[in-house]
Amino acid sequence: MSQASLSQTFQDILLAHLPRLRAYAIMLTRDRALAEDLLQETALRALRAQSQFTMGTNFTAWIYKILRNEYIGALRRKKRQPVPIEDMPPELLSRNGGQETDVLLHEIIQAMDQLPHGQREVLILICASGLSYEEAADALGCSVGTIKSRLWRARARMASLILGEGDVKGGGSDTAPAPRRAAAEGVP
């Protein structure tokens, strides 16, 4: 393949991944404008590092790692400052009683904020972005078993926070949730 056709193939692959990358960037930043900036910087870095990518390898993990590293770098460059309550949008301060979907979405976001960073990241990569366990493991630089463990704990913690199912800790607890224990003991 010629250099021009390799470059075009690389760009086509990058364009195909942009919608999923945008969703991941929005979940990380929780701000569409910041997510668009993050996505643009990720695309630029990928195009600059195009020569470092080997065609035929896992592009998805490679590009997600670039996005994640850019996000972490942006956080380090910008010190977080608290937002005064006067500057907060009114929709964050109050909710209309008839908007159950918005309330549930708000509860989910609050619950996700309570997850440890590693669990939240795996939950977003697997459930929201649709990556496989292997792709998520490559993107985060850990084993598939670690990904599965973090995902199980994240799901159990989310159920606990949203549905009020017992007191499942998001940390290293390896105990099964109550329904599984009851089924194992033969109790309906």
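## Close-up views of a predicted model

**View 1. The largest nonpolar core has 38 residues.** Trp 62, Ile 63 and Tyr 64 are the residues with the most contacts inside this core. Two or more core residues come from each of helix 1 (3-29), helix 2 (32-48), helix 3 (59-77), helix 5 (100-114), helix 6 (117-128), helix 7 (133-140) and helix 8 (144-163). Please keep in mind that everything shown here belongs to a predicted model. As background, nonpolar side chains tend to be buried together in soluble globular proteins.

**View 2. Ile 63 and its contacts from elsewhere in the sequence.** Once neighbours within four places in sequence are set aside, Ile 63 is in contact with Leu 14, His 17, Leu 21, Thr 42 and Ala 46. Ile 63 is also one of the residues with the most contacts inside the largest nonpolar core.

**View 3. Phe 10 and Phe 59 form an aromatic pair.** The count of aromatic pairs comes to 7. Phe 10 lies in helix 1 and Phe 59 in helix 3, so the pair ties together parts that are 49 residues apart in sequence. Both Phe 10 and Phe 59 are buried; for Phe 59, the relative accessible area is 6%.

**View 4. Phe 59 also pairs with Trp 62.** Here the ring centres are 5.7 Å apart and the planes stand at 45 degrees, so the pair of Phe 59 and Trp 62 is tilted. These two residues are 3 residues apart in helix 3, separated by about one helical turn. Stepping back, ring pairs link Phe 10, Phe 53, Phe 59 and Trp 62 into a cluster.

**View 5. A salt bridge joins Glu 36 and Arg 22.** The structure holds 5 salt bridges. In general, side chains of opposite charge can pair when their charged atoms come close. For Glu 36 and Arg 22, the closest N and O atoms are 2.6 Å apart. Glu 36 lies in helix 2 and Arg 22 in helix 1, so this pair ties together parts that are 14 residues apart in sequence. Glu 36 is partly exposed at 35% relative accessibility, and Arg 22 is partly exposed at 31%.

**View 6. Arg 45 and Glu 70 belong to a salt-bridge network.** The closest N and O atoms of Arg 45 and Glu 70 are 2.5 Å apart. Arg 45 lies in helix 2 and Glu 70 in helix 3, so the pair ties together parts that are 25 residues apart in sequence. Arg 45 is partly exposed at 36% relative accessibility, while Glu 70 is buried at 8%. Through shared partners, salt bridges join Glu 41, Arg 45 and Glu 70 into one network.

**View 7. A nonpolar patch on the surface.** Ile 85, Met 88, Leu 92 and Leu 93 form this patch, and together they have about 370 Å² of accessible area. Met 88 is found in the loop between helix 3 and helix 4 (90-93). With a relative accessible area of 31%, Met 88 is partly exposed.

Key. Residues numbered from 1 in each chain as written. Predicted model: local features only at pLDDT ≥ 70, side-chain atom pairs only at ≥ 80, totals over all residues. Heavy atoms only, no water. Core = buried A, V, L, I, M, F, W, Y, C linked by side-chain atoms within 4.5 Å. Buried < 20%, exposed > 50% of the residue type's maximum accessible area, 1.4 Å probe, protein only. Helix = DSSP H or I, 4+ residues; strand = E, 2+ residues; numbered from the N terminus. Contact = heavy atoms within 4.5 Å. Patch = residues over 30% accessible without salt bridge, like charges linked within 9 Å, V, L, I, M, F, W, Y side chains within 5 Å. Areas by Shrake-Rupley, 256 points an atom, 1.4 Å probe, with all protein chains shown as cover. Salt bridge = Lys/Arg side-chain N within 4 Å of Asp/Glu carboxyl O. Phe/Tyr/Trp six-rings, centres within 6.5 Å; stacked < 30°, edge-to-face > 60°.
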